[in-house]
Structures are given as C-alpha cells and as structure tokens.
There are 2 protein chains.
Amino acid sequence: MKNVSVTGVGMTKFGKRRESLKSLAVSACRDALIDAGKPKVDAIYVGNFLGGQLAGQEIIGSILSKELGLGPIPTTKTEGACASGGIAFRQAYLMVDAGIYDTVLVVGVEKMTHAPTNLVTQAINSAMDNDSNEGISGLTFPGFFGVVANRYMYEFGAEKEHLARVALKNREYAMNNPKAQFRKETSLEEIMGARPITAPLGLFDCSPITDGAAAVILTAGDKGVKVLASGQASGPPLMQDIPNLLEIVAIRESARQAYEQASLGPNDMDVVELHDCFAMTEILAIEDLGLFEKGTGWQAIESGLTKHGGSVPVNTSGGLLSRGHPIGATGVSQIVQIVCQLRGSAVNQVDGARIGLAQNLGGTGAYSTVHIFEGSRA
Amino acid sequence: MKNVSVTGVGMTKFGKRRESLKSLAVSACRDALIDAGKPKVDAIYVGNFLGGQLAGQEIIGSILSKELGLGPIPTTKTEGACASGGIAFRQAYLMVDAGIYDTVLVVGVEKMTHAPTNLVTQAINSAMDNDSNEGISGLTFPGFFGVVANRYMYEFGAEKEHLARVALKNREYAMNNPKAQFRKETSLEEIMGARPITAPLGLFDCSPITDGAAAVILTAGDKGVKVLASGQASGPPLMQDIPNLLEIVAIRESARQAYEQASLGPNDMDVVELHDCFAMTEILAIEDLGLFEKGTGWQAIESGLTKHGGSVPVNTSGGLLSRGHPIGATGVSQIVQIVCQLRGSAVNQVDGARIGLAQNLGGTGAYSTVHIFEGSRA
C-alpha cells in the first residue's frame, strides 16, 4: 500500500449559478490543478448524478480532458446518487494506491437550479428503486426522512428543536464560508417557524437545490494531506427492506472499513464532514459513524458537542443544509473542507486538527463512502 | 500484475423487451453468476448511459447488490456514453489486477425502446459537448457519421455499396445469433434501397434502439478466458476539434496501449468485436485498430477479409448494427461474444480462435476502450 495524498483542491461558490455545468467543472478543476502545482494528470474521475437528466450533458470526463488540455487520458463518470462524488474519489484513490496512476483529478459537479422544481424532484427520485411498489407510491426523499424523524423522536425523546439546532449550527458555520449557498444570519425561531416540508422537517431542515463543482488532485507520495482509509458499502435501496429505520447500515459498514484500515476509531477524529441532506440525517450519521451512541445524537447536538469546543466539530463548511447540495459535487466538496482543515487554512478552522473524516450518502442509504485523512502538521 | 480471467458470462436477448431495466440487468447477472459457479462477489461495476434520462432509474449497482443477495458490497455505475460498458469492464479489471478485489461482477444495461424516438435522440445527444455552438446546431450522431462517410468516399474511392456490405455481413452473422435483435435474412439490394437516414447512411447502416443487458464475472487467476490488456483513451468531443475526420484517435491510442501491454499486434487477433454504431464506423475501426491500412478498409470489406475465411472475422455476434445497441450493455456484450469465441462455444464460431479483441466507442470519438483476451485452448 502506497502513500496517497491530496495535493490540490478547488471549488466554485455553491448556489444559483449562471454558468454551465461544463464551466463550473472546468473552474473547480483549474483551481485544483493550480493549487497542486500543475502536475501531469493520468486520469479523471467525475462524480455526477443528474448531468443527463437536468443539464442534457454526459461525457463530462472527455469534455474536461479536452478543455483542460490534459491529452487523451482515460476518464469516466461514476454515479451512486448523492454519493457520486465520494465514489469518484474512492475510485481515484484505489487507482493511485494500486500504482495504476500516479496523479488523478477528481471532480464533482451538478447543475440543478435552472430546472423547474418538479423536474428536479422527479430526477432525484431516480435514486430510488422505481421498479417497485414504492416507486409508484409517491415516496420522496423528504418524505422518507420525515418518517425517519418522526420515528426517531418517538423512540428516543428528541424534539423538533433538535433538528432545528442542527440546521442552526450549519447555518452559523456557513455564514463564514464565502463558498456557501446560504450565509444569512438565521435564528432558532425562524428555523422552528419555517414552513413544513414533510413534518417534522421544515424548510431549513432540508438541503437545497444547488449548482456547483469541487475538485481535488490525488497523488502518490506523502506531500500533502494523506488519505488513510477508504470505505464503501451498499444498503437496501427500498424503504420496506430496511430492518431498522433508525440505523443507516451503509454508513456503519463503510465507517467500520475505514476505521479498521486507518487503525483509528471515532474518538480519534478531530473534524468531520458528513451527509446532512436533512437535519435528521446528520443526527443519524453522527451515531452511525460511532461519534455518539445510538439514540443520543440529539443530546450531543443539544450540548453543543458537534461544534467548536465540543468533542468533534461536524460540518464546519455549513454542510449540505447551508453550504448547499449540488449532488455530484457534494462528496468532493466535503473532502475539500477536510483537506483545508488539516492544512490549517479552513473556514471555521478547528485548532490543531490532524485527523479528519468525510462521509457521503447516496439514496435513502443505498450507498455510503467514508474517507479518513491525516494532515502533515503533527 | 496478476492473472485476471473472465469466468462467467450472461446476456439477455437484445431487442424490444417488456421487462424493466432492473429485470434485464438481474437476468444477465444471474446467468453470469451461475456460469461462473456462483462465486463470492466483492464489488459490482455497472455500465449504463441513459438509465436516468429514459428509464428514471439510477443507483443500479445498489439495487443489484440487494436483488442478487450479494451483501453490502461497494458498487458504482460508470458512464462514458456508448463506451460505458467497456469502461465498467476496465475499472473492474484494474481492481482485480491490482489485488483490491478478487471477484467482480460487471454488467451493462440499457432500456430504450419504450421511449419516443425524439426523446431517445435527444438523450443520446447528451453524448456531445452541448455547451458549444455544435450543441445548438442540431448535429446528431447519424449526421456526424454521415458527414464522415461522405468524406471517406471522396478521399478513398469507396462507394455506398461498401457500407451496405458491412451491414450485410453483420446481418448474416446475426441470423445465427438467438440473442440478436435482427435475424431476418436481408439482401444487399434491400440494404442499398432502404430509406436514407443521413445520406449516404441508410436505415441498415445505422444501429437500432435496443433494450438488453450483458454481464461478466472477472476473477483473479487463470481459470477462464484471460484478460491480456486494457486500453482506454479520450478524443475530442466536438466535431470542430477533430483534425482529421477519417481517423478516430481514441481508437488508435486505446489500441496502441492494449497491443503494447499484450505484446501483440493487430495481426495476432483471431476474432474481433468492434463498435459499428454505423457501417462507416466499422470501416474506420478496422483501420484505426491496425487490422488494415488507413483508406483500405472498404477494400477489405469488399474482399471478404473481415468474414470467416478472411484475415480476421469482425462482429461475429452481428455487431451493433444487427445484434442491437442497448448503449450501456454494448461494451459488455462484445466481451461476452469474444469470451464465447475463445471458449469455442460462440455463435459463428471461428475455428481455433485463441486471441480476441473487443473495442467500444463513446460519443463521436470521445472515449474508446480496447481489451484483448486469450483463450485457454492453446
């Protein structure tokens, strides 16, 4: 096993962008290539989910190799719904780790805001198993996580306010992040009083529709932020096949793999970016990553344990809820934030952060990736 | 470098199918798993292009791991337009070759015939760079290859009849293939007289809209048909960036890599499946793979050199033109045919075939993969 490091990062501002999918991707890639010192690139992996459905654009890898002047190198897009970016990063990491390529460009990108909301909802629903009774029942992602939130509250005694506290924390972090979609100061009262989407989830408990791109350069060697581990797992794509709605087994299994590879445990993490597609999902994820016991995540939120000064700051970028969720870009943008934290140059920098974790979810738990990183500042 | 072998193959009938995308994929996977002796599978790679746009279905990898009872293994879809299947196979091969996984399931799948033709045409056009003047000009794939055919005929003296002879050969091969979409006996006169699509290309010179799936199992070791080489390259995704319309540089580069890895040349190939999305493309591909000199492919066709008894039988499955072209499945189905040839059990078996090559193209030359295989019957 080789040393594999992230030597460059780049990211567009997330939000409603006028640029095309291609322009956004090119911009993030150029920034990452410059940040890495313009290395020779051997391959490109693109994380993207809805390029075909919403932007009428596939073959993004080939377009980028041409546009960036990288020559006739092999490229591919990877898709695993909202985990497309994490999966693209994992493919690239495994290739460099195996010595197949020396330097790989990973980019995640999505263009969504130009499309009508009903089309976006329909397109996102292709991340369910639609050859099933669920597919035709009208279940949506907010619907699924709304049900989960109700059950969680019933089982463990959490309240709507705990969801709101997740949204508030991530909004407060986003206020300092110039790349974030939502930077307006927002009060707990506003969040609590916002219009319901699927009760108990209100507007601020749901990640938005976003455009954006994020890119990283992976290189063999230990110059940069080192990748310590890569885990990936699948889970049931149908709600009816999930034995316990309050556990996301793909997160647990991908985390187990990653901790084992890194010979580290959840308590060793100094900073975490995880997949808060809904406020509820952040609470489940901090539990399924082992940062807190099952059923106690809401108490950790209440006690501020996932903020600066707590046991582990979570989603210091603002998370999907406030940084935004350009689907294919999300997994890569999480890694950009962790790399910046471990370089000591992040927004909402965690003092002395040395070990960081990024977790990316696809579907209602159909995919999860977990990557663990180590900064060179010992 | 390890030995990596194909130990199982499976394939649905290609054509207009009533089954869902998921059913088709499951069926091909089950056949391949049984053919391989039901091994423990470590990962799944799915080649698919239009699942989101035409079938409203992504997350195919996760759905398959659940449906086939393979557990929480990592899966991903890869996309590179019509080369999606070849790219999925290459990812799996590289992973097994590197020792990351022992056994990988590769499946290519597409469901297209249920959609209106104008929607299919629009969806396929996402394999062009649509953030360009070409994207809005109305250029289509038949349009592109029609222009190429006109230029080829002008430069090298070929005639419409040579295109028709490609279509006729592939139709004759498909007549013996129970999995092929078109098996009706067709005369040269019918092909020549068919309605024009984009002159000089007529109906039989263009690959059809098809449903279907194909799967293979890749395993470490030399029990099975050995993978000798994997090449992949990118080419310009825009027509205006192609310096010479009569050369597909991605084919040449991917073939160069593969021949070098295998320490073999074009003359060593006993049987070839290549990407005849149009009759013209087959002529370019036999030249760019080095099987015949540039500008002489049409003469090779005329002399029957790409048929049984010639120098190298090409597209003995019937090719995209008559076996059909379920886009994501195509690259994998080519490999299924080559594996069957090297096992000695193919339709249109080539006597004593020991070395075979499969070439898969994406876009107007945006991607190409080339894989070379060796049978165990020395």
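Trainee: Through which surface do the copies, chain A and chain B, meet?

Mentor: This is a predicted model, in which local features need pLDDT of at least 70 and side-chain atom pairs count only at pLDDT 80 or more, while totals for chains, interfaces and linings use all residues. Residues are numbered from 1 along each chain as its sequence is written, chains are lettered from A and ligands numbered from 1 in the order in which they are written, and side-chain values use heavy atoms, with hydrogens and water left out.

Trainee: Which residues of helix α3 of chain B are buried?

Mentor: Buried means under 20% relative accessible area, exposed over 50%, and partly exposed in between (1.4 Å probe, protein chains only). Helices (H or I, at least four residues) and strands (E, at least two) are DSSP runs, numbered from the N terminus. In α3(B), the buried residues are Ile60(B), Gly61(B), Ser62(B), Ile63(B), Leu64(B) and Ser65(B). Six of the eight residues of this helix (residues 60-67) are buried, so it is largely enclosed by the rest of the structure. Its cover includes β8 (225-234) and β11 (367-374) of chain A, together with α1 (21-35), β2 (43-47), β3 (75-79) and β4 (103-110) of chain B.

Trainee: With which residue does the side chain of Thr7(A) make a polar contact?

Mentor: A polar contact is a pair of N or O atoms within 3.5 Å; within protein, one must be able to donate a hydrogen and the other to accept it, and residues adjacent in sequence count only if both atoms are side-chain atoms. The partner is the side chain of Thr219(A), at 3.0 Å. Thr7(A) lies in strand β1 (residues 4-11) of chain A, and it counts as buried at 15% relative accessibility.

Trainee: Which peptide bond of chain A is cis, with omega near 10°?

Mentor: Most residues other than glycine have a negative phi, and most peptide bonds are trans. The bond from Ala199(A) to Pro200(A) is cis, with omega near 10°. Pro200(A) lies in the loop between β5 (196-198) and β6 (201-202) of chain A. In chain B, the bond from Ala199(B) to Pro200(B) is cis, also with omega near 10°.

Trainee: Are Ser263(A) and Asn315(A) buried or exposed?

Mentor: Ser263(A) is exposed, at 64% relative accessibility, whereas Asn315(A) is buried, at 0%. Phi is positive in Ser263(A), near 50°, and in Asn315(A), near 60°. Ser263(A) is placed in the loop between α9 (249-262) and β9 (271-273) of chain A, and Asn315(A) in the loop between α11 (297-302) and α12 (319-322) of that chain.

How values were computed:
Contact = heavy atoms within 4.5 Å.
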